[in-house]
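These are my notebook entries on one structure. I record what I looked up, entry by entry.

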Amino acid sequence: MKIDFKKISKEPRSFVYESNGLTLKGCIYRKQAHLYMMDALLVGDILLTCDKSGEEYVKTLNEKLNFGISDGIFPSHTLKELEVVEFFDGYIDIAFLLESEVESIKLEYHTKEHINN
């Protein structure tokens with residue numbers, strides 16, 4: 001799912017994207033020239049591997065996501081406290097954002113004892 005940067009205004013635009021049992025839903029709005037904000041919620045079940053035992057287990061996600069999205073290169077010194085994802089083809093790729101967040105979660109340290117359902 002791709003959203004054209006030109007179709008996003010300061011008025012929040014809602015979206016829902018589902019893939020592999022996960023749902024990313026929220027809104028995107030323009031904050032300033034070439035900078036957009038995404039406020040979303042990632043929900044669903046994800047298969048993880050316990051870093052202690054090596055066993056696989058299912059964790060239920062209910063993660064709030066808030067970050068910037070840039071139409072092109074965004075100078076990192078402008079907003080140091082904000083994570084900004086840059087796109088270069090004129091579109092925000094929601095599928096890419098979901099996949100990236102899932103991969104980021106999988107790279108974290110996980111143990112079965114700390115499952116938060």
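**Entry 1: aromatic pairs.** I counted rings of Phe, Tyr and Trp (its six-membered ring) as paired if their centres lie within 6.5 Å, with planes under 30 degrees apart called stacked, over 60 edge-to-face and the rest tilted. The model is predicted: local features need pLDDT of at least 70, side-chain atom pairs count only at pLDDT 80 or more, and totals for chains, interfaces and linings use all residues. Residues are numbered from 1 along each chain as its sequence is written, and side-chain values use heavy atoms, with hydrogens and water left out.

I found 2 aromatic pairs in the structure. Strands (E, at least two residues) and helices (H or I, at least four) are DSSP runs, numbered from the N terminus.

For burial I used relative accessible area: buried is under 20%, exposed is over 50%, and partly exposed is in between (1.4 Å probe, protein chains only). Phe 5 is buried at 2%, and Tyr 36 is buried at 2%. The rings of Phe 87 and Phe 96 have centres 5.9 Å apart and planes at 80°, so this pair is edge-to-face. Phe 87 is buried at 7%, whereas Phe 96 is partly exposed at 39%.

**Entry 2: the sheet.** Two strands pair if DSSP finds at least two bridges between them. I read an open sheet of 5 strands in the order 2-3-4-5-6, with mixed pairing. Strand 2 and strand 6 are the edge strands, each pairing on one side only. The twist averages 35° from one strand to the next; axes are lines fitted to C-alpha atoms, for helices over the stretch in contact, and angles run from 0 to 180 degrees between N-to-C directions.

Strand 5 and strand 6 run parallel and are joined by 4 bridges. I looked up Asp 71 and found its bridge partner in strand 6 to be Phe 87. Helix 1 lies across strand 2, strand 3, strand 4, strand 5 and strand 6, at about 50° to strand 4.

**Entry 3: the core.** A nonpolar core is a set of buried Ala, Val, Leu, Ile, Met, Phe, Trp, Tyr and Cys residues joined through side-chain atoms within 4.5 Å. The largest one has 29 residues, and Leu 24, Ile 28, Met 38, Ile 69, Ile 92, Ile 94 and Leu 97 touch the most other members. Strand 2, strand 3, strand 4, strand 5 (56-71), strand 6 (84-87) and helix 1 (94-107) each supply at least two of its residues.

With contact taken as heavy atoms within 4.5 Å, I listed partners of Leu 24 beyond four places in sequence, among them Phe 15, Met 38, Leu 65, Ile 94 and Leu 98.

**Entry 4: salt bridges.** I required a side-chain nitrogen of Lys or Arg within 4 Å of a carboxyl oxygen of Asp or Glu, and found 2 salt bridges. Lys 2 pairs with Asp 89, the closest N and O atoms being 3.5 Å apart. Glu 55 and Lys 112 meet at 2.9 Å, N to O. Glu 55 is partly exposed at 42%, and Lys 112 is partly exposed at 31%.
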